[in-house]
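This briefing covers one protein model, topic by topic. Please read it beside the sequence and the coordinates.

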Amino acid sequence: MMKTFGILGTFLLAGASLLAQKFQKCDTILTETEYSHQFLNLKVPGGEFAIQSSEVCGQSLYKIVSDKEGPSSDISSKSDNKGNVFYTFQTVTSSQQLTPKSVNTASMTQRVASRLAGWGDTEPEETKLKTLFHPDPSFPTDLRLDLVSGKSDLDLSGLTLRNLSVNSATTDVLINYSQPNAILMNKMDVHAIRGDIVIKNIEMAKAEVVNIKNDMGETKVVLGNNCAPAPGANVVISSGVGNCNLVISKNHPAKILVHKGFFSSASMSEQFEKVRDGVFVNSAYRKNPKKGTTIICNLDFGKVFVSDL
């Protein structure tokens, strides 16, 4: 059964404040304890978007902050008989053309093509729109983010994510960890059509498989040694016309495979030794390959730069 959650609070803020906003709206969603897993889809049309744990078990917050009246939230849910609940959170702006009901890779490609052809050269009306999501850190979750334009700051520290999917049209994507994911993550997918991707402390995602695809932007991945990654973790990076920067701790066992196009190249740090054409390992990997992370770089154009953390 579909359920719609209304706005629980609308607050008028006086004076100078965040984004010089006229108002903010905040939804509080209480975790439904009869369910064991949630599938969460967030759709954000533009502006700034940020995620950070609510640090409160049993509660999530969805907040919209704007300097203009008009933006609102649309939150709905349904459930099945297998213990799963499915939520959709959407930020709705006055420019409805920026909030399609379903955002997928094909539709985002069309939108980017339209912008490159001259449509939508100006910023959307809600240039000072900010959406913040503070999820319940204890609830096992499959999280999907559909982002159109702007920039994002995704602090996923300490969450309980089983799968993560981030789809961006022109939004710059920053994913950061300061605490490990609470469980092993099956898969992380991050795709940007025309935006930069930065993932810091990717080992703390504890993801068995990571797929990063960047069509026309820069990619940076930082692999530290803050915790044990998922056993036999694989990170696959597919880069179109942008460069790829890998920053890797000398203490983290790592193996890098580079598949280069005719116009691409690779530059390795001194810690990596060439095993054969396109295959490089560091000394930590030679000592402990079973706990190593394998990084596969597929380059069409651009360069891959590997440096030490």
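Two strands pair if DSSP finds at least two bridges between them; helices (H or I, at least four residues) and strands (E, at least two) are DSSP runs, numbered from the N terminus. The model is predicted: local features need pLDDT of at least 70, side-chain atom pairs count only at pLDDT 80 or more, and totals for chains, interfaces and linings use all residues. Residues are numbered from 1 along each chain as its sequence is written, and side-chain values use heavy atoms, with hydrogens and water left out.

**Overall composition**

- The protein chain contains 2 helices and 23 strands.
- Of its 309 residues, 52% count as buried; buried means under 20% relative accessible area, exposed over 50%, and partly exposed in between (1.4 Å probe, protein chains only).
- Accessible areas come from the Shrake-Rupley method with a 1.4 Å probe; for residues, only the protein chains shown count as cover.
- Among contacts in the protein chain with a separation of 6 or more, 65% are between residues 24 or more positions apart. Contact means heavy atoms within 4.5 Å.

**Strand β18 and its partners**

- Strand β18 spans residues 234-239. V235, I237 and S239 form its covered face, while N234, V236 and S238 form the uncovered one.
- Strand β16 (residues 207-214) runs parallel to β18, and 6 bridges join the two. N214 has S239 in β18 as its bridge partner.
- Strand β23 (residues 293-308) also pairs with β18 in the parallel sense, over 6 bridges. Here V235 stands opposite I295 in β23.

**N186**

- N186 lies in strand β14 (residues 185-192) and is partly exposed, with a relative accessible area of 36%.
- Apart from neighbours within four places in sequence, N186 is in contact with R162, N163, E208 and V209.
- N186 and A230 are 44 residues apart in sequence, and their C-alpha atoms are 9.1 Å apart in space.

**Positive phi outside glycine**

- E55 is not a glycine, yet has a positive phi of about 60°. E55 sits in the loop between β5 (48-51) and β6 (59-66) and is exposed, with a relative accessible area of 69%.
- K206, also not a glycine, has a positive phi of about 55°. K206 is in the loop between β15 (197-200) and β16.

**Cysteines**

- A search of the whole structure finds 0 disulfides, a disulfide being a pair of cysteine sulfur atoms within 2.5 Å.
- For C297, the closest cysteine sulfur is in C244 at 4.8 Å, so the two are too far apart for a bond. C297 is buried, with a relative accessible area of 0%.
- C57 is exposed, with a relative accessible area of 61%.

**Nonpolar surface patch**

- M216, V241, F262, F263 and F301 make a nonpolar surface patch of about 590 Å². Patches are made of residues with over 30% relative accessible area and no salt bridge; like charges are joined within 9 Å, nonpolar side chains (Val, Leu, Ile, Met, Phe, Trp, Tyr) within 5 Å. A salt bridge is a side-chain nitrogen of Lys or Arg within 4 Å of a carboxyl oxygen of Asp or Glu.
- F263 belongs to strand β20 (residues 254-267) and is exposed, with a relative accessible area of 60%.
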